[in-house]
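Please look over the chain shown below with its overall build and its division into domains in mind. The notes that follow go through these topics in turn.

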Amino acid sequence: MNLPTLVFLGAVLAYPVIYAGYLSVHKVGLAQLRRGEFPFSGWENYGRVLEDPLFWMAMKNTLLFTAITVISEIVLAVAIALLINQTSIWTSRVTRFLILLPYAIPPICNGLIWSFLYSFQLGFLNRILFSLGLIHDPVNWAGNPDTALYAVTVPYIWRTLPFAIILVHAALQGIPRELYEQAAIDGANAWHRFRQITLPMLQQIIAVILILRTAFAFAVFEEILAITQGGPGDATWVAAWYSYKITFSPPNNFGMGAASAFILALMIAAIALVYLRAVYRRVQL
Amino acid sequence: MFKLSLPNRLALHVANLAVIAVILLPLAAVIIGSIQSEKSLQADTRRLLPPEVTGDNFLVILTQGEQRGRIFDQATYLPDNIKKFYRAFANSLIVAVSVTFLTLLFGALSAYTIARLRYRWTLFLLQANIVSRFVPAIVLMIPLYIVMRSLGQLNSLSGVILAETGFLLPYAILILAPYFDAIPSELEEAARIDGCSRLRAFVHIVLPLATPALAACGVIMFIVSWHELLIPLILNARPEFMTLPVVIASLVGDVFVFFNLMMAICLLALLPTVVLVALLQKYIVEGLAAGAVKG
């Protein structure tokens, strides 16, 4: 019964990962691809990747991007999950109904919509701020090298936050009400109840979100493609964008692309192992 | 749970309104952007709402450039990919439906064995799936491109379907396994004592009980597959095999394509999954939670 799964895991996941490792230590460009022979080149691809200042730029940006998005998402997810948990407030019920909406938006569309929002001349965000009288000159949100990376974190957080909120909200339902009632009798105020009961009970789900979101933010691609294409200059080059550009735009160095992607995969694999140990450790399933 | 004082209630209302505004902001942008001409976008760069509303952006996309309406009347250039809208929509639909079907079929079989058979190898299979879920698409795409190229499978929908099925199968298994685990095994055991094979028991007893699980997993698979960009982008370069996200991505570098047209095609591309999410919210919420933490 597991045969189809094993075939697929082997053919589409395991084999390509191994083959990527193989490519990363061979010279693979368009010429080699046409001939069908990939001469062995040892660590040369890794050497060239590690010597490339653009690669380090991409790594630095990826780490910064990941840190900003993951930390913001955890804080916002806990806050918004608590907010929609207030069933007696009718606006909370509205929020709860709308919360999954960003999950429905295709990432590439999300990127383009935000590129319209951010546009310097025509942008919707500047229009809103003008209408509210908050700015007097248009702001170049994504076109300024100093702010571009921060600008692309917002659409990414917007799109991926529902997932985190849903996990926290589900975990909130599992906290016994008696704990809160007892604490209230003991005279704990709202902040104490949050610190002493809610936060400890959410610890595990926060760890899950931290690991999952870190692994996926490491591989961010669509929003970068749609909003900045790595620009302005090289201000928003991230790891997946680096591998993609090195490989699929001239001079098409597949070997270097594979080497850089492999470095990314190893970093994410380390995160995956932490996940495996931390979350599925007491697996009965 | 606790009585809220009036100022607290007000603060919560304000917080909710802020969240709702942020959720709706991009939706407002895509709608307002799509119902105006590039002239009105450029005429007044500070104006929020267009002076006049037009459906021409949708007209030109939905008639694939046959009818241009007023705003594209003078246009000498329309991107070729816009003229393949229905082809791209159909491709996206074929890929998403096939991937959903295949991941459910294979995923259900594997998730069931993982949930029911407690052997060393099923635990290993589960762990392999968890690790596989983390493999970033870009790492797969470079070797897959070379393999598909040598197999002559570049520019085909089947190549994309196979790649996406493999890529999403681990996720499907992780979503389904906790549901199967929660179905009591007494019913199947009774059936098996009556001489039912394990596969028959699975098909006739377990699967009907697992309908909510299949719905949750299926709708998530459809959405993720409908959204997938990198796999079809790299495997398919010919317009007749492009999916909708690839067509949209191809407009990014095109300096002659203005935001009004882009927003219109984005709106058309996001509608199917928005409708799904609105209708099947309950299942998606359950499925997302099930796939992230063991049941």
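Helices (H or I, at least four residues) and strands (E, at least two) are DSSP runs, numbered from the N terminus. On that basis chain B reads α-α-α-α-α-α-α-α-α-α-α-α-α along its sequence, with 13 helices and 0 strands. This is a predicted model, in which local features need pLDDT of at least 70 and side-chain atom pairs count only at pLDDT 80 or more, while totals for chains, interfaces and linings use all residues. Residues are numbered from 1 along each chain as its sequence is written, and chains are lettered from A and ligands numbered from 1 in the order in which they are written.

**Overall build**
- Chain B has a radius of gyration (taken over C-alpha atoms) of 24 Å, whereas a compact globule of 295 residues would be near 19 Å by the rule of 2.2 Å times the number of residues to the power 0.38.
- Along the principal axes, the C-alpha atoms of chain B fill a box of roughly 75 × 70 × 30 Å.

**Domains**
- The domain assignment (automatic or from a database) divides chain B into domain 1 (6–62) and domain 2 (80–292), and the C-alpha centres of these two domains lie 32 Å apart.
- Contacts (C-beta atoms, placed from the backbone, within 7 Å) involve 11 residues of domain 1 of chain B and 12 residues of domain 2 of chain B.
- On the side of domain 1 of chain B that touches domain 2, α1 (6–34), α2 (38–43) and α3 (56–62) each supply at least two residues, and the largest share, 4 residues, comes from α1(B).

Definitions and conventions. Two residues are in contact if their C-beta atoms, placed from the backbone, lie within 7 Å.
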